[in-house]
Amino acid sequence: MKKGQVYKIHSDFYYVNFEKEIYECKIREILKKQKEKVLVGDFVEFEIVNSETKTGVIYKIIDRTNFLTRPSVANVEQVVIVSAIKEPDLDFEQLNRYICFAKYHNIPAKLCFNKNDLSEDDSIIEKVFKIYEPLGFEIVFTSALDEIGIDDFVEIVGEKTTVFCGASGVGKSTLINKLCPDANLRTGKVSDKTERGTHTTRHCEILESTFDGSIVKIIDTPGFSSLKFDFIMPNEVDLLFDDIAIYKSSCKYADCLHLNENNCAVLANIAEIESSRYESYVNFVNEAKEYKEKVKFNGRKVESFNKENQNKSFAKISSRKRQASRNTQKQNLYKDFDE
């Protein structure tokens, strides 16, 4: 059995990198029955079916160090959040969403602000440093077209497996083309009508290249902006904001949401928290409240699709099939009685 890494997924085919060769693989039926979802970045055990056509079959997913659900990638070492200074205009709430999402999955994040050449207003740049530098983020400003700040950009990417995320049209593909010229990714313009970017990247893919002697390993992802915090409880949101969480322990109530409660330490220190950060926090709490209402009566339990026996995992038979089997047993029993 060989060990490789999934570099790309397209339709039902999984492209596995093994010793710098890409093998087009399918997955075993048992993995489908167990609802085991293979992600880009997964290390897998697979068997080569035909070495000439470079085809194979994936048998097992090796335990992940981490993963992101949006975009769906695994085993990443850092997230680089790419935003545009102009075209489209910098959206601080969207930026906070990406930051909090990375923190929720416990993956370090770095910030890149592209299209710096389009901005003539230094106040935006000053605001970025004022908000995010005290929070400990590494920040770079770039212009991919004018090749400004590319060296700084290469430095924050380093030799770590890096996933890029950000809205469509902020210039992720253009930046990646600077690091991985062989990738030749498609780039698009921002729509004049919607002032939003168009989707040029259609799927997640690991791109590997050598830049100034360094091995660059980047996961390019489609742009998205519909990320919502509808998967956690409202009292968990403050842990995603370091500038709010520092006051949490001083609140009178352990489940304080820092909205309008009495003796709330966050509200008492609201002047120390940047307004756009607190506004984002309030919006995320409201989204989490919707999730809380949704699961209040439905519960959060999800039925497992596999079972463990003697340290081995087996696919469980669905309840519908189990019932059908019991009915068959009853029918056979009645048949024996009749005879």
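Analyst: Happy to; below, values are set against their cut-offs. This is a predicted model, in which local features need pLDDT of at least 70 and side-chain atom pairs count only at pLDDT 80 or more, while totals for chains, interfaces and linings use all residues. Residues are numbered from 1 along each chain as its sequence is written, and side-chain values use heavy atoms, with hydrogens and water left out.

User: Why is F241 called buried?

Analyst: Buried means under 20% relative accessible area, exposed means over 50%, and partly exposed is in between (1.4 Å probe, protein chains only). F241 has a relative accessible area of 0%, so the label is buried. F284 also has 0%, so F284 is buried too.

User: What makes F241 and F284 a tilted pair?

Analyst: Rings of Phe, Tyr and Trp (its six-membered ring) pair if their centres lie within 6.5 Å; planes under 30 degrees apart count as stacked, over 60 as edge-to-face, and the rest as tilted. The centres of F241 and F284 are 5.8 Å apart and their planes make 40 degrees, and the pair is tilted.

User: Why can this pair be said to tie together separate parts of the chain?

Analyst: F241 lies in the loop between β13 (214-220) and α6 (242-248), and F284 lies in helix α8 (residues 275-298), so the pair ties together parts that are 43 residues apart in sequence. Helices (H or I, at least four residues) and strands (E, at least two) are DSSP runs, numbered from the N terminus. Ring pairs also link F241 and F284 into a cluster with F101, Y104, F229, F231, Y278 and Y281.

User: How many aromatic pairs are there, and what makes the one between Y132 and F137 edge-to-face?

Analyst: The count is 14 aromatic pairs. For Y132 and F137 the centres are 6.3 Å apart and the planes 70 degrees apart, and the pair is edge-to-face. Both of these residues are buried.

User: How do you know that a charge sits over the ring of F43?

Analyst: The rule asks for NZ of Lys or CZ of Arg within 6 Å of the ring centre and within 35 degrees of the ring normal. The charged end of K3 is 5.6 Å from the centre of the F43 ring and sits over that ring. K127 lies over the face of F92 as well, at 4.5 Å from the ring centre.

User: What makes the link between R277 and N96 a polar contact?

Analyst: A polar contact is a pair of N or O atoms within 3.5 Å; within protein, one must be able to donate a hydrogen and the other to accept it, and residues adjacent in sequence count only if both atoms are side-chain atoms. The side chains of R277 and N96 are joined at 3.0 Å, as a polar contact. R277 is found in helix α8, and its relative accessible area is 2%, so R277 is buried.

User: Which side chain does N114 contact, and is N114 buried or exposed?

Analyst: The side chain of N114 makes a polar contact of 2.9 Å with that of T142. N114 lies in strand β9 (residues 109-114) and has a relative accessible area of 2%, so N114 is buried.

User: Why is L239 called partly exposed?

Analyst: L239 has a relative accessible area of 48%, so L239 is partly exposed. L239 is in the loop between β13 and α6, and its C-alpha is 8.9 Å from that of K103, although the two are 136 residues apart in sequence.

User: What makes S11 exposed?

Analyst: S11 has 58% relative accessibility, so S11 counts as exposed. S11 is in the loop between β1 (2-10) and β2 (13-18), and has a positive phi of about 60 degrees although it is not a glycine. N106, in the loop between α2 and β9, has a positive phi near 60 degrees too; at 68% relative accessible area, N106 is exposed.

User: Why is G56 called buried?

Analyst: G56 has 6% relative accessibility, so G56 counts as buried. G56 lies in strand β5 (residues 55-61).
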